[in-house]
Each structure stands twice: as C-alpha cells, then as structure tokens.
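Hi,

I'm passing a structure on to you, with a few notes on what turned up in it. Have a look at it first, and then read on below.

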Amino acid sequence: MYVQRDPAGAIAAAYARPSAEAAEHLAGDDAELRRFLDRSPAPAEAAAREIGRLRDRRIARGFTFDFGNGEQAPVDTRNDDDRANLDRLYARALRLDGQGVTDPVIPFRDGANVTRQLTPQQMIALGDAALAHGEAQYQWSWPLKDAVRAEGATEAAIDAALAQARGEAAAFLAGE
C-alpha cells in the first residue's frame, strides 16, 4: 500500500481553515453566528424528547398485578429483556389456551423474585395488563407532547407542559 506524505503540511493547513460556509457565517453578525453554532434542538423538540424519556421511565417502573386470592405482586418492565420475556410467555399462554390447557404450567418470576406457576388464562391476563400498562404511558405522553409541539406554543407554554410532565412522572415513579 502506498501512503502519500504531506511534508509541506498542505493537508493539515486545509483542515485548519474554516469551510466556505463557516467563513461566511463568521463574517456575519453575532446573532447569525450564534444560530450557526447552536446545534441544540428547538425548545419544543427538546421538551418532547424529555417527555418521551419520562414516558419510558414510567413504563420501566413496572406495575402491580393481582394473581388471584388477593395475592398482588410487582411485575418488572425495566428493560427490553423483561418486556420480551412477558411477550414470549404471553404467546405461549395464547397457544396453550387455544389447545384447551387450564393447568398451571407456565412458570413466572415476579418482581419480588417469587416464582409462580400460572395457568395460560392467568398469563394472558398478566400479558394484557402489561400491554395496558405500556399503552397507558403512551396515552399519558401524547397530550403533553402535542402541547409542546403546538403551532405557536410560547416558551412559557412549553415550560408549563414540561413542568407538568415532570411532576406527574415524579409522582408516578414514587408510587403515588
């Protein structure tokens, strides 16, 4: 392999010069320079992203499920692995239910690390509850995102919607 040398430093000098676009902006006024250098998203998009992160934290919190006979226990939805496990068990339960199985044949380890043997029907109910939990968090976030993205939304309105989202998420995550 042939490597060309740059003894005069012409390549390095070319990279040190600002591009024509940068040079044009550097020649403009300070406001134009600030706009060129500011790579942060618009306030509405930054707020919408934060609301999305809060929604994801609410989903990850998990939920409490009633396993019957008054036995309630936490169900983990902390990450993709937890949610994929619930999906697999749900699919298995649907298949077994379709085959007429009613015995407790599906092992499930809850958020308190208690392993339970569930019937397909119990697992289907648990899977439905997990789906409802995720759907509820998306439904919570949509109006807040719509509020920050509304045409003509002022920074004060964006800040108010974001403060509302933060407060509601904090209360939800604290279990209130």
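A residue counts as buried when its relative accessible area is under 20%, and as partly exposed between that value and 50%. Please keep in mind as you read that this is a predicted model.

With that cut-off, Arg-116 is buried, because its relative accessible area is 13%. Its partner in a salt bridge is Glu-71, with the closest N and O atoms 2.9 Å apart. Glu-71 sits in the loop between strand 1 (63–66) and strand 2 (72–75), while Arg-116 belongs to strand 4 (residues 115–118), so the pair ties together parts that are 45 residues apart in sequence.

Asp-82 is buried, with 14% relative accessibility, whereas Asp-76, at 24%, is partly exposed. Elsewhere, salt bridges with shared partners join Glu-71, Asp-110 and Arg-116 into one network. A search of the whole structure gives eight salt bridges.

Finally, the pocket. The largest one has a volume of about 180 Å³. Helix 5 (80–98) and helix 6 (120–149) each supply at least two residues of its lining, and helix 6 has the largest share, with six residues. The lining includes Arg-83, Asp-87, Tyr-90, His-133 and Glu-135. By type, the lining divides into five nonpolar, four polar and three charged residues.

Enjoy exploring!

Best wishes

Conventions: Residues numbered from 1 in each chain as written. Predicted model: local features only at pLDDT ≥ 70, side-chain atom pairs only at ≥ 80, totals over all residues. Heavy atoms only, no water. 1 Å grid on protein atoms, 1.4 Å probe; cavity = no way out; pocket = protein on both sides within 12 Å on 5 of 7 lines; lining within 4 Å. Points joined across faces, edges and corners; volume = space filled by probe spheres on them. Helix = DSSP H or I, 4+ residues; strand = E, 2+ residues; numbered from the N terminus. Nonpolar A, V, L, I, M, F, W, Y, C, P; charged D, E, K, R; others polar. Salt bridge = Lys/Arg side-chain N within 4 Å of Asp/Glu carboxyl O. Buried < 20%, exposed > 50% of the residue type's maximum accessible area, 1.4 Å probe, protein only.
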